[in-house]
Amino acid sequence: GEATKLFLQAWNEATNDFEKFTAAYYVARHQKSVNHKLKWDEAALQLALKINNDTVKGTLPSLYLNIAKCYEDLNDLDNAKKNYDLALSFANFLPDNGYGNMVKGGIMKGIERVTK
């Protein structure tokens, strides 16, 4: 609860797209409702797409993965598949390490689940 308050405060006090992106990314992680998580993940994604920064581009696969999972949880498999595919299309921005492999694995498992 306290973390959510602080991230919302960061959102409200952000002075640029990068700060708003960072706040939205973390607000999304602390949502209890799938609909609220989706709203914040989509806000973070829209900001990330506006920012020309390689570090932010590295978050695109994870953002699309999170959005896809929200749609999957809402039983909107068409939008889930679309976003899993978008996540995969940005996988080249992921680092070649445990984190990158975890995100790639999540993307592949998601695609498998929604295309059965």
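Tutor: Start with a conclusion: helix 5 and helix 6 are roughly antiparallel to each other. This is a predicted model, so the values are computed from predicted coordinates.

Student: Why are helix 5 and helix 6 called roughly antiparallel?

Tutor: The two helices pack at an angle of about 165°, with their axes 8 Å apart. Angles over 145 degrees count as roughly antiparallel. Helix 5 and helix 6 therefore get that label. The crossing is left-handed.

Student: Which residues make the contact of helix 5 with helix 6?

Tutor: Helix 5 brings Pro-61, Tyr-64, Leu-65, Ile-67, Ala-68, Lys-69, Tyr-71 and Glu-72. Helix 6 brings Leu-77, Asn-79, Ala-80, Asn-83, Tyr-84, Leu-86 and Ala-87. By class, the contact has 11 nonpolar, 2 polar and 2 charged residues.

Student: What makes helix 3 roughly antiparallel to helix 5?

Tutor: The axes of helix 3 and helix 5 come within 9 Å and cross at roughly 150°. The cut-off is over 145 degrees. Helix 3 is therefore roughly antiparallel to helix 5. This crossing is left-handed.

Student: What classes of residue does the contact of helix 3 with helix 5 have?

Tutor: It has 12 nonpolar, 1 polar and 4 charged residues. From helix 3, the contact includes Lys-37, Asp-41 and Glu-42. From helix 5, Asn-66 and Asp-73 are among them.

Student: Now helix 7. How do you know whether helix 5 is roughly parallel or antiparallel to helix 7?

Tutor: Helix 5 (residues 60–73) and helix 7 (residues 98–114) pack at an angle of about 30°, and their axes are 10 Å apart. Under 35 degrees counts as roughly parallel. Helix 5 is therefore roughly parallel to helix 7. The crossing of helix 5 and helix 7 is left-handed.

Student: Which residues meet there, and how do they divide by class?

Tutor: Pro-61, Ser-62, Leu-65, Lys-69 and Glu-72 in helix 5 face Tyr-99, Val-103, Gly-106, Ile-107, Gly-110, Arg-113 and Val-114 in helix 7.

Student: Why does Asp-41 count as buried?

Tutor: Its relative accessibility is 1%. Buried means under 20%. Asp-41 therefore counts as buried. It is found in helix 3. Beyond residues up to four places away in sequence, Asp-41 touches Ala-28, Leu-63, Asn-66, Ile-67 and Cys-70.

Student: Which other residues of helix 3 are buried?

Tutor: Leu-38, Trp-40, Ala-44, Leu-45, Leu-47 and Ala-48. The cover over the buried residues of helix 3 includes helix 1, helix 2, helix 4 and helix 5.

Student: Why is Ile-111 also labelled buried?

Tutor: Ile-111 has 13% relative accessibility. The limit is under 20%. Ile-111 therefore counts as buried. This residue is found in helix 7. Apart from neighbours within four places in sequence, it contacts Tyr-84, Asp-85 and Leu-88. Its C-alpha lies 9.2 Å from that of Lys-82, 29 residues away along the chain.

Student: What makes Asn-75 exposed?

Tutor: Exposed means over 50%. Asn-75 has 61% relative accessibility and therefore counts as exposed. It sits in the loop between helix 5 and helix 6.

Student: How do you know that the span of helix 3 agrees with expectation?

Tutor: Helix 3 has 17 residues. At 1.5 Å a residue, that should span 24 Å. The end C-alpha atoms are 24 Å apart, so the two agree.

Student: What span does helix 2 reach, and what is expected?

Tutor: Helix 2 (residues 17–29) has 13 residues and reaches 18 Å from first C-alpha to last. That is close to the 18 Å expected. Its buried residues are Phe-21, Ala-23, Ala-24, Tyr-25, Val-27 and Ala-28. They pack against helix 1 (2–13), helix 3 (34–50), helix 4 (54–57) and helix 5.

Student: Last one. Where is Phe-90, and what does it touch?

Tutor: Phe-90 is in the loop between helix 6 (77–89) and helix 7. Setting aside residues up to four places away in sequence, Phe-90 touches Leu-60, Pro-61 and Tyr-64.

Conventions
Residues are numbered from 1 along each chain as its sequence is written. This is a predicted model: local features need pLDDT of at least 70, side-chain atom pairs count only at pLDDT 80 or more; totals for chains, interfaces and linings use all residues. Side-chain values use heavy atoms; hydrogens and water are left out. Axes are lines fitted to C-alpha atoms, for helices over the stretch in contact, and angles run from 0 to 180 degrees between N-to-C directions. Helices (H or I, at least four residues) and strands (E, at least two) are DSSP runs, numbered from the N terminus. Angles under 35 degrees count as roughly parallel, over 145 as roughly antiparallel, 65 to 115 as roughly perpendicular and the rest as oblique. A crossing is left-handed if the near helix is turned anticlockwise from the far one by less than a right angle, and right-handed if clockwise. Contact means heavy atoms within 4.5 Å. The expected span of a helix is 1.5 Å times one less than its number of residues. Buried means under 20% relative accessible area, exposed over 50%, partly exposed in between (1.4 Å probe, protein chains only). Ala, Val, Leu, Ile, Met, Phe, Trp, Tyr, Cys and Pro count as nonpolar, Asp, Glu, Lys and Arg as charged, and the others, Gly among them, as polar.
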